[in-house]
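I opened this structure to see how its parts are put together. My notes follow in the order in which I looked things up.

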Amino acid sequence: MNTTTQKGMFGKEYAWRGIAVLCGLFVIALTLVIGAFLIYKGSDTFLKFGHTLWEFLGSAKWHPVDSAEGGGAAGALIFITGSLVTCGLALLIATPFALGSAIFMTEISARFGEKFYRPVVEIFAGIPSVVYGWVGLTVLVPFIRNVFDRQVGHSILAAGIVLAVMIFPTITSVSADAILAVPDACRKAAYGLGSTRWQTIRHIVIPAAAPGIISGIILGLARAFGEALAVSMVIGQTTALPKSIFSTTKTLTTEIASQMGNAMEGGELKSALWSMALLLFLVSLLFITLIHYFTNKGKAKAEGGKA
Amino acid sequence: MLKTKFEIEHLNLHYGSFHALKNISMKIPANEITAFIGPSGCGKSTFLKTLNRMNDLEENVTIDGTVRMDEKDIYSEMDAITLRHDVGMVFQQPNPFPKSVYDNVAYGPRIFGIRKKSQLDEIVERSLRQAAIWNELKDRLKKSALGLSGGQQQRLCIARTLAIQPKVILMDEPTSALDPISTSKIEDLAMELKKDYTIIIVTHNMQQAARISDKTAFFLLGEAIEYGKTEDIFARPQDKRTENYITGRFG
């Protein structure tokens with residue numbers, strides 16, 4: 001009797017552990033396979049069509065031919081610039097607001113923050129990007145056109161603002177968590193030394209939460225970098241290097257999204273698009289690596305190993 | 001004749017509807033060590049925190065009565081921030097900032113606007129020397145304070161408090177998280193510091209109160225039952241409840 005129940009117990013133990021391990025391995029394998037597939041597809045631009053890496057990253061000449069013969073130009077600089085500029089602008093706009101909100105909802109008005117503000121921020125994060133894009137197109141684009149007296153309101157500025165609104169909740173909630181994780185004993189010590197609330201926030205809480213806040217900013221950046229739909233609705237989709245924040249242009253993601261359906265399988269255009277997808281993959285890998293770096297730094301700081 | 005540092009009259013404190021301190025009146029002398037003893041929950045820590053208004057940070061606290069420091073009402077004639085510049089605090093758990101040893105001690109002076117490196121260096125060294133920890137830490141000023149032992153952290157926290165040059169140091173069970181050797185170092189330090197500072201210490205440890213304090217107050221259920229010279233409290237307690245507590249009949 002005793003042995004049979006034990007047998008059942010261990011049987012379940014192994015079965016569930018097996019399932020958990022399988023799921024884990026599957027996800028790892030899937031990531032590796034996607035990476036390998038992107039390398040396989042994306043390398044055609046360089047190996048089969050003979051473009052250099054320098055041309056791909058540094059040239060703004062974008063005329064890949066839609067056939068397997070090749071011979072066009074595959075410079076993705078326009079899209080790389082478009083992505084960098086829109087995301088940079090989005091970060092510039094979103095970070096101060098997000099940091100301010102995170103401080104407000106944790107340090108200044110904690111009860112209101114937890115009860116109302118955080119749920120609102122979470123709702124923000126859950127709104128589908130097409131909605132953001134559409135609202136941007138309907139409200140923001142005409143607004144920019146009228147206020148700045150442009151011919152069209154579609155612009156990097158519009159894309160940057162839409163992205164800023166989209167990444168704001170990510171940065172806010174990750175930063176708020178980082179701030180909440182700062183031990184209360186630190187705040188008490190600061191108050192005990194006669195600090196004002198602002199001095200405590202500025203000199204103790206923010207520095208202690210800095211690695212987490214930076215992780216939040218990178219996470220927001222990663223989301224902005226990967227967003228295609230909302231951006232494509234407001235950026236004007238012009239294949240040209242931007243001259244100012246009022247220019248229309250394209251980003252890596254919007255170009256892939258708009259061209260992938262038209263391009264011929266095995267053609268130069270399709271390969272160039274795959275190369276851009278590979279670039280996006282590598283950039284997100286970089287972001288994740290950075291987040292891990294800062295998370296570990298935060299842990300080291302909390303444990304006092306290194307300073 | 002000793003100068004009176006704190007004069008407390010008819011102090012009552014409520015947490016919501018809970019009456020935590022009941023009509024407390026006492027005079028705490030300057031340049032002595034005053035110990036507050038009593039069982040857990042008796043209000044001794046709460047009372048300590050009324051002296052630098054740390055209770056202001058908690059919600060639902062109402063206070064009536066007067067607390068005067070150097071004849072000035074700390075609740076009506078001073079703001080809490082300025083008060084805490086004069087009344088430093090050392091907490092039960094060592095709570096250094098997640099910064100270097102140097103930055104921990106320099107924190108206070110810096111928020112008071114001292115920026116000059118030479119001046120900060122001097123304050124840091126002086127404070128660490130006063131806290132009898134300079135020799136141990138002088139070669140690791142740039143290392144994180146979180147890497148120190150508990151006893152070192154607590155002495156660093158004392159140094160950090162000394163750096164703001166307070167007049168009073170409140171210690172809330174400063175040795176309860178420490179080993180006996182670290183404890184005796186903190187006790188020696190407190191005895192040394194009373195020349196220049198008024199020290200008020202809350203302790204669970206009656207031997208500690210007997211060893212280091214000049215005056216002792218015994219608290220029970222929010223009341224200050226007995227207050228007097230330490231030797232009198234321990235040798236000739238007037239109140240039956242004090243006697244029961246110090247002879248270990250409850251606690």
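Predicted model: local features only at pLDDT ≥ 70, side-chain atom pairs only at ≥ 80, totals over all residues.

Strand β8 (residues 198-202) of chain B pairs with β3(B), in the parallel sense and over four bridges. Here I found B:I33 opposite B:I199 in β8(B).

Is β3(B) covered on its faces or open? I found both faces covered: B:I33, B:A35 and B:I37 lie on one side, B:T34 and B:F36 on the other, and all are buried. In general, side chains of a regular strand alternate between the two faces of the sheet. Five of the five residues of strand β3 (residues 33-37) of chain B are buried, so I wrote the strand down as largely enclosed by the rest of the structure.

**Entry 1: an open sheet in chain B.** Next I traced a sheet of four strands in chain B, open, in the order β2-β1-β4-β5 and with antiparallel pairing. β2 (18-29) and β5 of chain B are at the edges, and each has a single partner strand, so one side of each has no neighbour in the sheet. I counted the link between β1(B) and β2(B): eight bridges, with the strands antiparallel. One position I checked was B:I8, which stands opposite B:M26 in β2(B). As a reminder to myself, strands of a sheet pair through backbone hydrogen bonds, either parallel or antiparallel.

**Entry 2: salt bridges within the chains.** How many salt bridges does the rule give over all chains? The count comes to 24. Side chains of opposite charge can pair when their charged atoms come close.

I looked up A:K41, which forms a salt bridge with A:E265, with 3.2 Å between the closest N and O atoms. The two are distant in the chain, 224 residues apart: A:K41 is in helix α1 (residues 2-42) of chain A, and A:E265 is in the loop between α11 (252-259) and α12 (268-303) of chain A.

B:D70 sits in the loop between β4 (61-69) and β5 (72-73) of chain B, and B:K3 in the segment before β1 (4-15) of chain B, so the pair ties together parts 67 residues apart in sequence. I listed B:D70 as partly exposed, at a relative accessible area of 31%, and B:K3 as exposed, at 52% relative accessibility.

I also checked B:D56 and B:R53, whose side chains meet in a salt bridge (2.9 Å, N to O). B:D56 is partly exposed at a relative accessible area of 35%, whereas B:R53 is buried at 12% relative accessibility. Some salt bridges share partners, and in that way A:K41, A:E265 and A:K270 are joined into one network.

**Entry 3: a loop residue of chain A.** I looked at A:S67, in the loop between β1 (62-63) and β2 (73-74) of chain A. Is A:S67 buried or exposed? Its relative accessible area is 19%, and the cut-off for buried is under 20%, so A:S67 counts as buried. Leaving aside its neighbours within four places in sequence, I found A:S67 in contact with A:F49, A:M264, A:G267 and A:E268.

**Entry 4: where the chains meet.** Last, I turned to the interface. I found 26 residues of chain B in contact with 24 residues of chain A. Between them the chains bury about 1900 Å², with 67% of it on carbon and sulfur atoms. In chain B, the most area is lost to chain A by B:P98, B:Y107 and B:I111, together 26% of what that side buries.

The rule finds one salt bridge across this interface. The partners I noted are A:R111 and B:E59, whose side chains meet at 2.1 Å, N to O. Six residue pairs are in polar contact across the interface. On the side of chain B that touches chain A, α2 (80-86), β6 (87-90), α3 (101-111) and α6 (150-162) each supply at least two residues. I divided the residues of that side into 14 nonpolar, six polar and six charged.

Note on methods: Residues numbered from 1 in each chain as written. Chains lettered and ligands numbered in written order. Heavy atoms only, no water. Contact = heavy atoms within 4.5 Å. Buried area = accessible area lost by both parts, 1.4 Å probe. Salt bridge = Lys/Arg side-chain N within 4 Å of Asp/Glu carboxyl O. Polar contact = N/O pair within 3.5 Å; in protein donor to acceptor, adjacent residues only side chain to side chain. Nonpolar A, V, L, I, M, F, W, Y, C, P; charged D, E, K, R; others polar. Buried < 20%, exposed > 50% of the residue type's maximum accessible area, 1.4 Å probe, protein only. Pairing = 2+ DSSP bridges.
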